[in-house]
Amino acid sequence: MGNTWCGLCSCVDQAGVGVVERWGRFEKLAPPGLHFFNPFCGEALAGVLSTRIQSLEVRIETKTKDNVFVQLICSIQYRVVKMNADDAFYELQNPQEQIQAYVFDVVRALVPRMTLDELFEQKGEVAIAVLEELEKVMGAYGYSIEHILMVDIIPDPSVRRAMNEINAAQRLQLASVYKGEAEKVLLVKKAEAEAEAKYLGGVGVAKQRQAITDGLRENILNFSHKVEGTSAKEVMDLIMITQYFDTIKDLGNSSNNTTVFIPHGPGHVRDIGDQIRNGLMEATSAKIHGTTD
């Protein structure tokens, strides 16, 4: 869309405002629409300003407090105020250069007081400071500052590489800590499980031995009552010999066993019986002393 005019009439489009002069002096503002002028009275259309929002990208290179050179990309959205279009038309020859100069001034005064990390964290505050300064200055010239966006902060390439390496090292360190904690928990749980298994195994063996002892005692007592004239020692010898032969039978029937050399003979059987009997007697004695204490 554009604006057309001739010496007698002109048309101002919807997104514009015309500036009318009489004999070279500002007369009035022409709103959108068709306008007629009297050239004999010195009326003429001096120009038309667009009221659309315009965008200006400004690149500023400056230094931070920790001596890091950075480039800031700032986008400024501005427009002409319709009511003050005459100020915008007559006061400024190049509004873009004026806006750029004030952006440079504010940014280069504010950023050197921040470190690089603070600049990334507080870039919104930098944009607000630039907005406040431009609104105060450009408002007097008939311009309205709509938005200011701090689009990007670009440090020096060597600084960016160093920042990436620091970040990578920190993440590797954190991953090592997590891995070590996981291995620690695994080892603790494994040790607890082994301790619990050994405890339960010990309890099982103790109960098994207690059951065997109770069974032998009951068998000896029953045999002594049913067969008169037999002593407990004779019954115990008979049980030991029976278990001895049962063990040899089990070893022979098992397909997983290799050759086993077992001392065999009446004397050896008697020795085994004596050892078992002495063990039972010692266990019973220890149990009685423990109960007494």
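**Notebook: patches, salt bridges and rings**

I began with Tyr178, which is found in helix 5 (residues 157–226). I note at the outset that this is a predicted model.

I looked up how open Tyr178 is. Its relative accessibility is 55%, so Tyr178 counts as exposed, the cut-off being over 50%.

**Entry: negative patch**

Which residues form a negative surface patch? I found Asp66, Asp117, Glu118 and Glu121. I placed one of them, Glu118, in helix 3, which spans residues 116–121. Glu118 has a relative accessible area of 31% and is partly exposed. A patch residue needs over 30%, and Glu118 has 31%.

**Entry: salt bridges**

I searched the whole structure for salt bridges. How many are there? The search finds five. I wrote up three of them, including two at Arg22.

I took Arg22 to Glu43 to begin with. Their side chains meet in a salt bridge at 2.7 Å, N to O. Arg22 lies in strand 3 (residues 16–22) and Glu43 in strand 6 (residues 43–50), so this pair ties together parts that are 21 residues apart in sequence. Is Glu43 buried or exposed? Glu43 is buried, with a relative accessible area of 18%. I checked that against the cut-off: buried means under 20%. Arg22 has 27% relative accessibility, so I logged Arg22 as partly exposed.

Arg22 also has a salt bridge with Glu27. I noted 3.5 Å, N to O, for this pair of side chains. Glu27 counts as partly exposed, at 37% relative accessibility.

My next pair was Glu133 and Lys136. Their side chains form a salt bridge at 3.6 Å, N to O. How many residues apart are they in helix 4? The answer is three, about one turn of the helix. I have helix 4 running over residues 123–138. Lys136 counts as exposed at 61% relative accessibility, whereas Glu133 counts as partly exposed at 23%.

I then looked for shared partners. Salt bridges of this kind join Arg22, Glu27 and Glu43 into one network.

**Entry: aromatic rings**

Last, I looked at the rings. The count comes to three aromatic pairs. I examined Phe26 with Tyr90. The ring centres of Phe26 and Tyr90 are 6.0 Å apart and their planes stand at 80°, so I recorded the pair as edge-to-face. Why edge-to-face? Planes over 60 degrees apart fall in that class, and these stand at 80°.

I looked up the exposure of each partner. Phe26 counts as partly exposed at 30% relative accessibility. Tyr90 is partly exposed too, with a relative accessible area of 36%.

Key:
Residues are numbered from 1 along each chain as its sequence is written. This is a predicted model: local features need pLDDT of at least 70, side-chain atom pairs count only at pLDDT 80 or more; totals for chains, interfaces and linings use all residues. Side-chain values use heavy atoms; hydrogens and water are left out. Patches are made of residues with over 30% relative accessible area and no salt bridge: like charges are joined within 9 Å, nonpolar side chains (Val, Leu, Ile, Met, Phe, Trp, Tyr) within 5 Å. Accessible areas come from the Shrake-Rupley method with a 1.4 Å probe; for residues, only the protein chains shown count as cover. A salt bridge is a side-chain nitrogen of Lys or Arg within 4 Å of a carboxyl oxygen of Asp or Glu. Lys and Arg count as positive and Asp and Glu as negative; His and the chain ends are not counted. The place of a charge is taken as NZ of Lys, CZ of Arg, CG of Asp or CD of Glu. Helices (H or I, at least four residues) and strands (E, at least two) are DSSP runs, numbered from the N terminus. Buried means under 20% relative accessible area, exposed over 50%, partly exposed in between (1.4 Å probe, protein chains only). Rings of Phe, Tyr and Trp (its six-membered ring) pair if their centres lie within 6.5 Å; planes under 30 degrees apart count as stacked, over 60 as edge-to-face and the rest as tilted.
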